[in-house]
Amino acid sequence: FFIQSNLRNMTRPDYILRNDHVTTAIHKHKSSLMTGTEEGYVQIFDTEIMRPQSSWLAHKAQVMKLYYLDDGILSQGREGAISLWKNGICLKSAQTYSTGFCRFALAENMRHCYVGIDEKSKVSQIEISTLSVTKTFQPADHKKKGMCWNVAQHNNYVFLGYESGHLVVFDERNLAKQVSEVKVHDEIISSFDVEGDHVITSSPDSTIKIVNITKGTVSDVNSESCNDSLVTDDQTAIPVTITANVSKIIPLKCKGCSSIKVRPDGKLFVAAGWDGGLRFYSWSKAKFLGLIEAHSPDTITDLHLHDNNIICSGRDKKISFWTMY
């Protein structure tokens, strides 16, 4: 009830930052907001005064993803490069051959990142300190998967969302072995997020779907649902299987979502629709809580959740700031 009441009061953002450039990537750390532009620039804003502090040309094409590390910044450009920066100086850069729509995802240990590359549906694991490829993931029957559009890592498993609508799961401990896959959507998985034993996905088919990820022993899991893929649990040394099944379908009143994120406290998730609206859902019951019109239709480029703050960027050259309790 409190969340729904709060949503009714969120008719206007706390602040709108107007930029001279189209913002395509955002990441906030403490009082600094880092943005990437369509022209390849990285900009740093002080959110206490909402003024730019620094700016530099980081990439030859659109900035796809940005992330604050403990001692620098990691950036990804549409030309395929991933770069490490400190104070606007490039420390290291490497060509990943990722020129599609897949934005890198950081590993939970913060030592690696994952990004889809252009060749045969592959995804590379990259060691951040050296920007060298340490593992490669490729799904079975890759010719029917298309390009990887999204990637995430959680609890030693790597989740890949494909152009074909398949969600593929790998165990990175076992020579990057594929352990499960499920056809979630009829069209591309345009975005997804992982929370606990669930993956929440969106697609241009006007639905949000929740996928259950179940781990079981060989004796209690149906082999047909897990593709006979076996891995070994590091703690128990018992062969286990990973099963992925769609458990819930949520209809959308818009064509699709550019981004979908679970809030860090796990209480709700936010879907940034292609109609420019932010839709809020409770995580426990996937109940629709409300809609706010954040940006113009077909403009939302990135969504960032930071504590109770929601930051959303769009092709309308605006970055909107919202507070959600």
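Reader: How many bridges join strand β7 to β8?
Author: In general, strands of a sheet pair through backbone hydrogen bonds, either parallel or antiparallel. Here four bridges join β7 (residues 72-77) to β8, and the two run antiparallel. Strands are DSSP runs of E with at least two residues, while helices are runs of H or I with at least four, both numbered from the N terminus. Two strands pair if DSSP finds at least two bridges between them.

Reader: What should I keep in mind about the model itself?
Author: This is a predicted model, so local features need pLDDT of at least 70 and side-chain atom pairs count only at pLDDT 80 or more, whereas totals for chains, interfaces and linings use all residues. Residues are numbered from 1 along each chain as its sequence is written, and side-chain values use heavy atoms, with hydrogens and water left out.

Reader: Which strands form the open sheet, and in what order?
Author: The order is β6-β7-β8-β9, with antiparallel pairing. From one strand to the next, the twist averages 15°, an angle between N-to-C directions on a scale from 0 to 180 degrees, with axes fitted to C-alpha atoms.

Reader: How many bridges join β6 to β7, and how many join β8 to β9?
Author: Six bridges join β6 to β7, where Y68 has I73 as its bridge partner. Six bridges also join β8 to β9 (residues 89-95), and there W85 stands opposite C90.

Reader: What links the strands of each hairpin?
Author: Between β7 and β8 there are three residues, and G80 in that turn has a positive phi of about 105°. Between β8 and β9 there are two residues, and N87 in the turn has a positive phi of about 55°.

Reader: Is β8 mostly covered or exposed?
Author: Mostly covered: five of the six residues in β8 (residues 81-86) are buried. Buried means under 20% relative accessible area, exposed over 50%, and partly exposed in between, using a 1.4 Å probe and protein chains only. Across the protein, buried residues make up 55% of the 325 residues.

Reader: How many helices and strands are there in the protein?
Author: There are two helices and 29 strands.
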